[in-house]
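Colleague: I would like to go through this model with you. Could you put it on the screen?

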Number of protein chains: 2
Amino acid sequence: MSTDTASVASFGAVGLTCPTPVSIHDRIVLGHGSGGKLSAQLFRERILPHFQNEVLQRQEDGAVVALGGAQIVLSTDTFVVQPLEFPGGDIGSLAVHGTVNDIAMMGARAAHLTVGFVIEEGLPTVVLDRIVSSMAAAARAVNVTIVAGDTKVVERGKGDGLFINTTGIGLLDPAFTPSAHRAAVGDVILLSGAIGRHGMAIMAAREAIGFDTTITSDTAALWPLVELLRCATDSNVHVLRDPTRGGVASALNEIAAMSRTGMLLDEPSLPIPGDVMAACEMLGLDPMYVANEGVLVALVPPEYAALALTALRTHPLGVDAASIGRVVAEHPGLVVMKTHVGGTRIVDLLPGDQLPRIC
Amino acid sequence: MSTDTASVASFGAVGLTCPTPVSIHDRIVLGHGSGGKLSAQLFRERILPHFQNEVLQRQEDGAVVALGGAQIVLSTDTFVVQPLEFPGGDIGSLAVHGTVNDIAMMGARAAHLTVGFVIEEGLPTVVLDRIVSSMAAAARAVNVTIVAGDTKVVERGKGDGLFINTTGIGLLDPAFTPSAHRAAVGDVILLSGAIGRHGMAIMAAREAIGFDTTITSDTAALWPLVELLRCATDSNVHVLRDPTRGGVASALNEIAAMSRTGMLLDEPSLPIPGDVMAACEMLGLDPMYVANEGVLVALVPPEYAALALTALRTHPLGVDAASIGRVVAEHPGLVVMKTHVGGTRIVDLLPGDQLPRIC
């Protein structure tokens, strides 16, 4: 992050000059795309004030708007992952899953997607073919149609192979409206699967890292799990969130802040695969901040927790589902973890990014 | 377009090698983003076969989908224009107008937009501020709300300052469904304003070009003109299209192909500003292929043509509106121009691009 620049303030006729350090906020840095504190700040200070409206202000995974008597969920995401193809998926399937999942986290099934490609001049068409084919297969698998698209080409060195925006719409059922604002004291925090796989698969796929691993991305559409959860809880799912950029830690911090509740996690119950743990330790990363693309966090009232967990485990995506903690009245806005050794530590938002460009 | 590469085919044991030119279709070239023949080919051969569905196959400016009993128009566009700020607008206002206009060309008023930013590390935040502010102002002016967004940051040299995707939704009135498939023999072809301004303003703003001009982009939201046209024609507008990438020539070729009709244009009636004409002549460009961002093409039955033209001229955006030709039974799929000197010439699709990255 060598983007800081120094400006020189001139004091008029005496010709006195004094180097004034310019804050990193004078220029965009990679951390602004991290899903951490800098991302939140960028949105809060640079975007939201201009676009001020109630829907955007809710900061959910998707927007709910009324149109023609229907309640419609709308969500958008641009994918800039590198490499374009990685163990377990590619930017194409990821672009479908990512937006379908954001809509699913609002409680709705994505019905239609639009797609916008920004292609760097020189991209081999066979790569484009594979990725578009993968997108199409991912869309078919979740019964979503890609109904509109746009293609732009930029010169060599002005892009990075391929960026893909997907935007989706789905129909909201007013009887099922999970929201990050609805966490309630007593809710049990469930994770639908083992964490850290997507981020570590991307990390391993980057040549520069150079560790051997068989970790594959967990990229998958989460709608089937949402349906199971709704059924098992009689629609009593308070919160759904897919912990992508910034990982489980960031997702829980957002929920804690938006619902003004505390979160108390139990470290030994966290489902972390051995190979992910080993890779994280080697690289000095915390799996709680590593991105997932096929895992959801669900907050359900305690009386439904056991049923919800059992329901998740009936699905191949949910075999590693676990109850990892609960919502508490203490320390509102904070996520606290009871550690393996019996202590507690605060699981804060990171300022920037452990792994840039993982989605 | 120096992206062609040569491969060497080896003929086994004899060691005979022979350089085989590889077609440009083995790699993406700038022309694939031009809005011309290469763009159409890319879509037809590389995208459509994978995403095969009736809505996409219609190749309109937007998709019409049914959701919750409503007929919804959905359209997406990614903006990669350089420079980010140019006389008459910037990438922010353009990103709002572009998608709002695509929805307007389907006969619908855009209600909500999503926005996806891809920011290159190092972009000055003051530039981002100005552009986001400009987007917000453009959205307010057309009463559209920006309800969801996403921000990604890529490393220096992996982007180009800022790319913006906007995706919009609007409600279709089944009583008003202009479509590029509906051109009918006898229809009069109207242009709502003078052409070539956006493309030439961008051209002039690029340092390398080095001609002085006061040409400003025409970027504007076209919905007010659509409302006037609908009113003046009692909803009898057959086709609406905004001639952006590829200009008026490409838009009319698309309509001719999709409706299997011929177009006969009258060159002297084309509204081309003197400064645009002069700049085009200097650079050897044809204004018929230069992008517009605040002009529409409307095809209306002859009995409504005069009323439609009068209605357009009542609006500041429509003062230069003109009738430029008509739909004919002859030469289906072709656009033919009667020239100043009394001859005729075919106005074909260009293979590639006169001006890359104008939107």
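Modeller: Please note that this is a predicted model. In it, 76 residues of chain B are in contact with 76 residues of chain A.

Colleague: How much area is buried between chain B and chain A?

Modeller: About 6700 Å² is buried between the two chains, and carbon and sulfur atoms give 67% of that area.

Colleague: And how many salt bridges are there between chain B and chain A?

Modeller: The count is 10 salt bridges. One of the salt bridges joins B:Asp77 to A:Lys152, with 2.9 Å between the closest N and O atoms.

Colleague: Which elements of chain B supply at least two residues of the side that touches chain A?

Modeller: They include helix H1 (37-51), helix H4 (125-141), strand E4 (70-79) and strand E8 (145-154) of chain B. The largest share comes from E8(B), with 10 residues.

Colleague: How do the residues of that side divide into nonpolar, polar and charged?

Modeller: On the side of chain B that touches chain A, 37 residues are nonpolar, 23 are polar and 16 are charged.

Colleague: Why do you say the copies meet through the same surface?

Modeller: Because 100% of the interface residues of chain B are also interface residues in chain A.

Conventions
Residues numbered from 1 in each chain as written. Chains lettered and ligands numbered in written order. Predicted model: local features only at pLDDT ≥ 70, side-chain atom pairs only at ≥ 80, totals over all residues. Heavy atoms only, no water. Contact = heavy atoms within 4.5 Å. Buried area = accessible area lost by both parts, 1.4 Å probe. Salt bridge = Lys/Arg side-chain N within 4 Å of Asp/Glu carboxyl O. Helix = DSSP H or I, 4+ residues; strand = E, 2+ residues; numbered from the N terminus. Nonpolar A, V, L, I, M, F, W, Y, C, P; charged D, E, K, R; others polar.
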